[in-house]
Each structure stands twice: as structure tokens, then as C-alpha cells.
Amino acid sequence: MTTTPKPSHQIPDRDIYERRESGVRSYARAMPRQFGRAEGVWMHDNQGGRYLDFLSGCSTLNYGHNHPILKQALLDYIAGDGITHGLDLHTDAKQEFLTAFEDVILKPRGLDYRAMFTGPTGTNAVEAAIKLARKVTGREMVIAFTNGFHGMTLGALACTGNAAKRGGAGVPLSHVSHEPYDGYYGPDVDTAELLEQRLADPSSGLDAPAAILVETVQGEGGLNAASPDWLRRIAQIAKAHGALLIVDDIQAGCGRTGGFFSFEDMGFTPDIVTLAKSLSGMGLPFALTLFSPELDQWSPGEHNGTFRGNNHAFVTAAAALRHFWSDGTFQSDVRRRGALVEQRFDKLAAEFGFEQRGRGMMRGLNVGSGELASTITGACFDQGLIIETSGAHDEVIKVLAPLVIDDAVLTAGLDILEGNIRAAMATDYAVAAE
């Protein structure tokens with residue numbers, strides 16, 4: 001079994017990208033190679049380089065690249081001239097997905113949600129969620145949280161905290177209040193109590209909300225993981241004040257934090273849930289907004305779009321659900337691997353004064369500065385490990401390895417990361433001592 005990356009060391013010809021592609025691109029700047037093939041946990045560039053993927057397409061590939069069962073299901077569907085367009089017709093592929101989702105995910109968890117196919121990306125799911133909450137409640141205000149990230153279209157962007165992302169809107173981003181997330185003021189301040197106090201005070205200036213929108217683990221905001229107690233309190237506050245609770249599970253869902261949904265076994269049920277990223281299992285665009293049946297107050301076509309249902313994604317998503325989620329084996333394996341990463345990060349955090357973040361296989365290590373994190377992840381890439389940063393200042397090194405990764409390969413990747421942390425810290429200490 002291959003456990004060692006083999007990076008190439010020559011930057012490929014980028015002339016066509018420099019000439020024609022927008023300067024908005026970002027990942028290609030940190031990882032300047034041209035990739036052409038991928039399987040499992042490995043990506044290959046056009047110079048023969050092999051890279052271990054600890055990014056998983058930003059958690060769009062929880063089951064790895066081109067999983068053979070998912071790939072074969074898609075090949076068979078294409079070979080059979082299956083429907084490809086994305087309008088909201090009844091199709092064989094959609095029926096199979098909805099049946100698998102009901103049988104494998106919803107019923108075993110005692111959940112009863114209507115499924116709305118919103119468009120190809122997570123931000124579409126969030127837009128539909130907040131639009132529905134405003135329609136149902138007749139209110140405008142949405143409560144989101146510090147360091148939250150929910151998408152780049154205007155409604156979802158208004159709920160996003162990052163100043164650089166918000167600055168690109170070019171118009172005011174209103175009707176959202178950004179309240180402090182769990183732990184924002186440190187362990188001694190109960191931010192749920194602060195929110196309750198604000199909502200209970202008619203002179204606080206905070207309007208009655210249509211919805212409270214929350215990530216149980218903040219993927220782009222620094223891998224901050226809310227406690228179950230805090231999340232339960234937020235759910236209670238939403239109910240008490242007539243607001244709908246929306247859980248954004250776009251990055252934390254589909255197994256990334258252990259269960260299929262990140263809120264499982266926490267003692268509350270969201271009114272609305274958004275899913276995307278790894279929902280298709282193959283990296284195909286596919287987003288979904290789930291909501292309680294009584295909230296299904298849309299009139300036909302009131303919220304629509306050309307690419308509402310990706311039939312290719314329905315096929316691979318159904319195959320993924322039946323293969324990985326029909327029993328508890330995969331979930332147990334994910335939690336076990338998450339514990340392995342947690343143990344490694346706990347040791348590094350204790351040794352260097354870092355802070356471990358996240359939950360399950362959604363883990364981060366706060367190294368204190370974006371400059372240090374960038375130095376470490378850059379050195380990792382030079383050694384063939386694809387990994388990125390997160391957080392308000394990009395200070396958190398973020399591990400989103402495929403959930404199917406073999407223990408030996410996971411250990412090899414963590415060894416590369418640890419080695420570069422030690423090298424960077426040794427250099428920092430040497431510079432500080434001069």
C-alpha cells in the first residue's frame with residue numbers, strides 16, 4: 001500500500017490561466033500544480049506528482065476521489081442514457097435518491113423532513129432556508145453568529161461574518177444580527193444567556209428574528225465547535241421566541257463530524273437543515289434544504305432555478321447512502337479515526353501551546369498566527385500533502401482528510417504535518433533567540 005506522497009517540484013505552464021482566468025482564484029495560488037487524475041485519497045498532477053489529499057475538495061469528497069461503487073453507478077446511468085438536466089421533473093434517479101434518503105437517513109433517526117432541491121451549491125440551500133423562514137414567520141431579522149460562514153450570494157453573505165467576503169458585496173448586507181458564538185468571549189461567558197437577555201429585552205434593539213442560523217462546527221471560521229449544551233439552549237431560545245432554528249450542515253454534515261448530521265444525539269431537532277458539499281459523494285454539485293412538513297408553504301415555482309436537481313448527483317448520492325450508511329460500521333470508523341487525529345493534535349497543542357479545534361474528522365490546530373500556519377501548510381504542500389488554513393486570520397491548520405482514509409495513510413499525513421510544525425517552531429524559536 002502506498003503511504004508516501006511523491007510531489008513534483010516544477011511549477012507547470014500557467015499562461016492560459018494568467019491570460020484568461022479571473023484573478024479571484026485562490027486554491028491554485030497556494031497549490032500551483034495542474035491536476036489531472038485522482039483516486040481514493042490521492043491526487044496526481046500532470047508531471048507525475050502524487051499528493052495526499054487532506055482537503056477533500058473542502059469536504060466535498062468525504063468518501064474520497066472516484067470511489068469505485070459511486071463511479072460505477074454513475075457510469076451505468078450515463079451508459080443507459082439517463083436524464084441529465086436539472087429541472088424539477090420526477091425522474092428515476094430522483095426517486096431512488098429520495099427513497100434511499102428516507103430509508104437510510106431519515107427514518108432510522110426519527111426525522112420527518114420535506115426535501116427541497118434548491119440549486120447546485122450550498123449558498124443556494126441557505127438562501128432558500130432564510131427565505132422560507134421569513135415567509136413562514138412574517139419577520140425579517142435573522143440571527144447568525146460571529147465567525148460563521150454561509151455562502152457568497154447576498155442573503156447567505158449577509159449571514160457570513162468574514163469582513164473580506166462581506167466587502168465584496170458592494171451593497172449593504174442587512175436584516176442580520178451577528179451574535180457571539182459559543183466561547184467567543186472565553187469559557188466564562190455564556191453567550192446563549194447573552195442572546196436570551198437581548199431577545200427578552202424590548203429595548204435591546206434586536207428585532208424578533210425569523211430564524212437563528214448556526215453551524216455546529218464553524219468550518220471556515222476556525223473549526224470552532226459548539227457544545228451540545230449551548231446548541232440545545234440556542235434551540236430552546238429559538239422556540240421560545242418564535243424563530244426557526246436553521247442548522248447549516250453543509251461542511252459539517254454527511255459524516256464529517258461522525259454522524260450523518262452534525263447535530264445527532266444532541267437533544268434537539270432543527271426546523272431547517274441545509275446540506276451540500278459531500279451530499280453527492282462524488283464532488284458533483286448538489287444542495288438540499290430540509291424542513292419540517294408544516295413549513296412547506298411554498299407555492300409551485302415560488303423559489304426555483306434551472307439546476308434544481310442534478311440527476312447524476314442523485315445517482316451517486318443514493319449509492320453513497322446505501323453503501324456507507326445502511327449500518328453503523330462506517331460511522332464508527334469515522335469516529336475512531338477522528339479520535340486518532342484528536343490524540344495527535346492534543347499532544348502537539350500541549351507541547352507548543354496551541355489549541356485544538358473541531359470534532360470528528362473535522363479538526364483544526366490553532367497555531368496562533370496566519371503567517372505561521374501558512375508557512376507550515378506551504379511546507380506540507382512541498383512534501384506532497386494538500387492541506388489548508390481556516391479562521392479569522394487563517395491561523396488554524398485544517399484537516400479534512402477523506403473519511404475513508406486508511407489508518408496508515410492518515411498517520412503518514414499527520415507525520416508530515418507534525419514534522420513541518422516542528423521545523424517551523426524550531427525556526428521561530430531560533431529567530432526569537434537572536
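Ala211 is buried, with a relative accessible area of 0% (buried means under 20% relative accessible area, exposed over 50% and partly exposed in between, with a 1.4 Å probe and protein chains only). The model is a predicted one, in which local features need pLDDT of at least 70 and side-chain atom pairs count only at pLDDT 80 or more, whereas totals for chains, interfaces and linings use all residues. Residues are numbered from 1 along each chain as its sequence is written, and side-chain values use heavy atoms, with hydrogens and water left out.

Ala211 lies in strand E7, residues 209-214 (strands are DSSP runs of E with at least two residues, helices runs of H or I with at least four, numbered from the N terminus). Residues up to four places away in sequence aside, Ala211 touches Ala133, Met141, Val142, Ile143, Ala243, Leu244 and Ile246 (contact means heavy atoms within 4.5 Å).

Strand E2 (residues 42-45) runs antiparallel to strand E3 (residues 50-53), and 3 bridges join them. Trp42 has Leu52 as its bridge partner in E3.

The chain as a whole contains 14 helices and 17 strands. Buried residues account for 53% of its 434 residues. Among contacts between residues at least 6 apart in sequence, 74% join residues at least 24 apart. The C-alpha trace spans about 60 × 60 × 45 Å along its principal axes.

Technical notes: Two strands pair if DSSP finds at least two bridges between them.
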